[in-house]
Amino acid sequence: MKTLTRPIAAAAALVAALAACTSAPPDKAPSTPLGQVRLVSYSDCDELLAGLREKAAANVGPWGFGGPQIMYMEDATAARDSTAKATPDHSTTNVHEAGVDEPDLVKTDGDRVFTVSGGVLRVIDTATRKVTGSLDLKGDDGGYSPADLLVSGDRALVLLQGGGMAATRIADGFAPPGQTRYVLVDLAGEPKVIGSIKPEGAHVDARMVGSTVRLVTRGQPAIAFPEAKENVGEAERKAMNQAVVRGAPLTAWLPEIEITDASGAVRKATVPCERVSHPAEYTGTSMLTLHTLDLAQGVTAAGSDPIALAADGDIVYGTGQSLYVASNPRWWWPVQPVDVEQAPATEPSPDEPTPGGPPPEETEVHRFDVSGPGAPSYAASGKVPGRLLNQYSLSEHDGHLRVATTLGSADGRSSSSSVHVLDAAGMKTVGQVGGLGKGERIYSVRFIGPVGYVVTFRQVDPLYTLDLRDPAAPKVTGELKITGYSAYLHPAGDGRLIGVGQEASTEGRTLGTQISLFDVADPANPRRLSQLFQKDSGSEAEWDPHAFLYWPKTGTAVIPLSSHADGTFETGATVLKITDSEVTRTGTIQHPSRTEQGLAYQPGIQRSMVIGDAIWTFSYEGAQVNDLATLAKQAWIPLTS
């Protein structure tokens, strides 16, 4: 029996954490100065293999690349019918940057709605409100993976994300069910598959500009370590594992890609050695791969121009010109036993890592140029102290990248947040402002042009406004302290900002969902104009911006909401009216109750969109259409067999 290097997690939340266990341990912390990270290409395959072996051997432990115990830290498309009526006005996926589409559960072009659930892609005609086509994308084993969509014209790319499996290629020669797959579908008639890509590695994220998609995957080397024997100490076990790493072939690291074209022909490819780069400091235990696919051209050329980076990454942010991949500090790390007899007599400095604790918190950010067709080209890398919250912690503006991070002490007793400004060309830090929310962490960030908004929280919610016009001297211009926090911030025009989050007591105990309308016209004096509070409730929009809908033309906002007040559980979508000075509740949309095994339940609404004069909402069970003005129910479209 052999021990595999890739642990398999049962939940998607564990996958990102486990896959991130690739940084150097505390005693191997990178020494590169902040802002001085650079990528270096390998000259040939021999150099590539030698470098990967050396780095991986230095970072392997007695239990492989992970550990026996895991500890969690909190915190050409066909023409459309020319006789068709004008496309209805419609909303699109709530994305970070205009013109850069993000994968989501549901897409629409106004005439059609595309959704994938339960392994089945369905097309709904918005005029007749009927399912007009479907395509079963379940795997050979009959199972299916979580999936998102990107759509351009009559082409859809279905991103089947591997069912949350951390493992992909297995050293012993078999692949687990639920492998990551990218399936290209022709939507001109009855949906049909016209190509697919099966990469090695877990899906990280994707961005689409025009019809060109950039896909980011992450994998770990396929190395099998010998079974741990009794009476073998950790030092000896580590030495054995290092020997295995030093003898591993190059194929253990280089990701293999399986490409199927429209004819059904299958070929396999790997990333050429000369297209693999590495930072100056790296662990050799993780590999990022960037794939390029033009939906209009199909997959005939796909796989010929992927590039790879011997680094880790878990957050993707894109603009029309750049794609950023950031590697957060580890959320998980192997628990190291502390020798009490050899422990220091004095407490460690808050700025120094404690024995068995996490390495110093530093985030690397790699920028790739995606302004041209074909494969991205590496541009530059930078490094900042602390960790990111999500992609909204990153923002490119006027040749600079703004990065918001929270930095905690090694003992967890203190923390504060900062905004760093990097020159996008060289990714070197040119300015920063710190000291935000001492003892707290970032809960939401939004950059709008030369202005930044940062929310930190522990007991009260400081909303900071930042002036970023001078990259070398960013500064805090205003602060608003209220109870609770905003977990998502959305621009509402004319000096207004919408916040979705949780109200809290003065002791910091969360009480339920709150929607806030802020007046930020005066950066020195941010004010909350209105608040809507729902006791004992939560919304998916707090952690997934795709669940938030704001339709400026009518001032309509829609968020999923689940409430457990008074001992009852209700779920649906809350419809809001947002004016220049007030947030009010218009009503609630609920999907029909279902009974399963004698128990009734209410399907949870995940997404909403406006098409014409109607609100469409989506749950796993189906889609419902309600009048935009009156919320009267107009149609129910089942999406389950």
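Buried residues have under 20% relative accessible area, exposed residues have over 50%, and partly exposed residues lie in between (1.4 Å probe, protein chains only). The model is predicted: local features need pLDDT of at least 70, side-chain atom pairs count only at pLDDT 80 or more, and totals for chains, interfaces and linings use all residues. Residues are numbered from 1 along each chain as its sequence is written, and side-chain values use heavy atoms, with hydrogens and water left out.

The whole structure was searched for disulfides, and one was found. The criterion was a pair of cysteine sulfur atoms within 2.5 Å. The bond links Cys-45 and Cys-273, with an S to S distance of 1.9 Å. The torsion about this S-S bond is about 100°, so the disulfide is right-handed. Cys-45 is partly exposed, at 36% relative accessible area. Cys-273 is buried, at 4% relative accessibility.

Strands were assigned next. Strands (E, at least two residues) and helices (H or I, at least four) are DSSP runs, numbered from the N terminus. Two strands pair if DSSP finds at least two bridges between them. Four strands form an open sheet in the order E33-E34-E35-E36, and their pairing is antiparallel. Strand E33 (485-491) and strand E36 (527-535) are the edge strands, each pairing on one side only. From one strand to the next, the twist averages 20°. Axes here are lines fitted to C-alpha atoms, for helices over the stretch in contact, and angles run from 0 to 180 degrees between N-to-C directions.

Nine bridges connect strand E34 (residues 496-504) with strand E35 (residues 510-519) in the antiparallel sense. Arg-496 lies opposite Asp-519 in E35.
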